Amino acid sequence: MQSPETIQNAYQGSLFDQVAALPPAWQAVLQAPHLHRQLLELDGMLRERLDQGAVIFPLRPFRALLETAPEDVQVVIVGQDPYHGPNQAQGLAFSVPNFCPAPPSLRNIFRELGQEYGPPATQPRNSLVRWARQGVLLLNTTLTVEARKPASHARKGWEHITDALIMRVLQTPRPKVLMLWGSHAQARRALLELQPPVGPVHVLLANHPSPLSAQRPPRPFQGCGHFRQANDWLQAHGQTGIQWQ
């Protein structure tokens, strides 16, 4: 593993300090008593693991909420947990900094975009901040991970937090698209039944873009057409859509 001084995206500090920096609409979600208790437990777990010498990513677990307000969301893309290699995870699902090589799933996302819209004029940037700032909520269901230990913080309580954030988005009247890739993301479809959405919602389902599943039936990710379908639907409902490339 890289030495600590070369790791730029390691988590430190307190979850509550990070929550305090969020826009008020997101803070209000996390101030619900049951979620506040869950954050206390998560904060304690993270402190304990840091004290034991664990390296945790990313630096800003709530980055997706800093970039996209609930009322601005046009598309929700649900990921699993952050990348577990040094300097990869940014707090945005599937995204890595531009100086990092694109991981396999992100390469397949770019490949699908090329099939739908043609080759891009320039090499796509690996950071998807440009999507987030247009209203794409890039939300992993687990917001932290330990170095070289994929899914190490899954089922620790993060899922309660992120499900509540998705439900908050579903309570805004703006039309939106849910892109649910793989069985883990597709489990979030049940949130639509727990609390019916306020505005129109279009759900797109496909396999995960990982090379292990991107071309498998019954819903291959490659060739799914989701990016163009999302824009067509959004624009038919009076929205701007997303400049994907």
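Before I look at any pair, I note that two strands pair if DSSP finds at least two bridges between them. Strands (E, at least two residues) and helices (H or I, at least four) are DSSP runs, numbered from the N terminus. With that settled, I looked up Leu178 and found it standing opposite Val203 in E6.

Some housekeeping: I am working with a predicted model, where local features need pLDDT of at least 70, side-chain atom pairs count only at pLDDT 80 or more, and totals for chains, interfaces and linings use all residues. Residues are numbered from 1 along each chain as its sequence is written, and side-chain values use heavy atoms, with hydrogens and water left out.

**Entry: the sheet**

I traced an open sheet of four strands, and its order is E3-E2-E5-E6 with parallel pairing. E3 and E6 are the edge strands with a single partner each, so one side of each has no neighbour in the sheet. On average, neighbouring strands here are turned by 20° against each other, direction ignored. (Axes are lines fitted to C-alpha atoms, for helices over the stretch in contact, and angles run from 0 to 180 degrees between N-to-C directions.)

**Entry: strand E5**

How many bridges link E5 and E6? I found six bridges between E5 (residues 176–181) and E6, in the parallel sense. One of the pairs is Lys176 with Val201 in E6. On the E2 side, three bridges join E2 to E5, again parallel, and Val76 has Leu178 in E5 as its bridge partner.

Next I checked cover. Buried means under 20% relative accessible area, exposed means over 50%, and partly exposed is in between (1.4 Å probe, protein chains only). In E5, six of its six residues are buried. Lys176, Leu178 and Leu180 point one way, while Val177, Met179 and Trp181 point the other way.

I also looked at H10, which lies across E2 (75–79), E5 and E6 and runs at about 160° to E5.

**Entry: the loop between E6 and H10**

I picked out two residues here. Gln222 sits in the loop between E6 (201–206) and H10 (226–236), and Ser210 is in the loop between E6 and H10 as well. Why does Gln222 count as buried? Because its relative accessibility is 16%. Ser210 is buried too, at 17%.

For contacts (heavy atoms within 4.5 Å), I skipped neighbours up to four places away in sequence. Ser210 then touches Ser105 and Asn108. Gln222 is in contact with several residues, among them Asn108, Arg111 and Ala214.

**Entry: the pockets**

A pocket, on a 1 Å grid over the protein atoms alone, is an open set of points where a 1.4 Å probe fits, with protein on both sides within 12 Å along at least five of seven lines; lining residues have an atom within 4 Å of a point. The largest pocket holds about 530 Å³ of space. Its lining has 35 residues, and Gln80, Asp81, Pro82, Tyr83 and His208 lie nearest the centre. Which element gives the largest share of this lining? E3 does, with three residues.

The second largest pocket has about 250 Å³ of space. It is lined by 14 residues, with Pro120, Thr122, Gln123, Pro124 and Arg125 closest to its centre. H5 gives the most to this lining, with three residues.

Conventions: Points joined across faces, edges and corners; volume = space filled by probe spheres on them.
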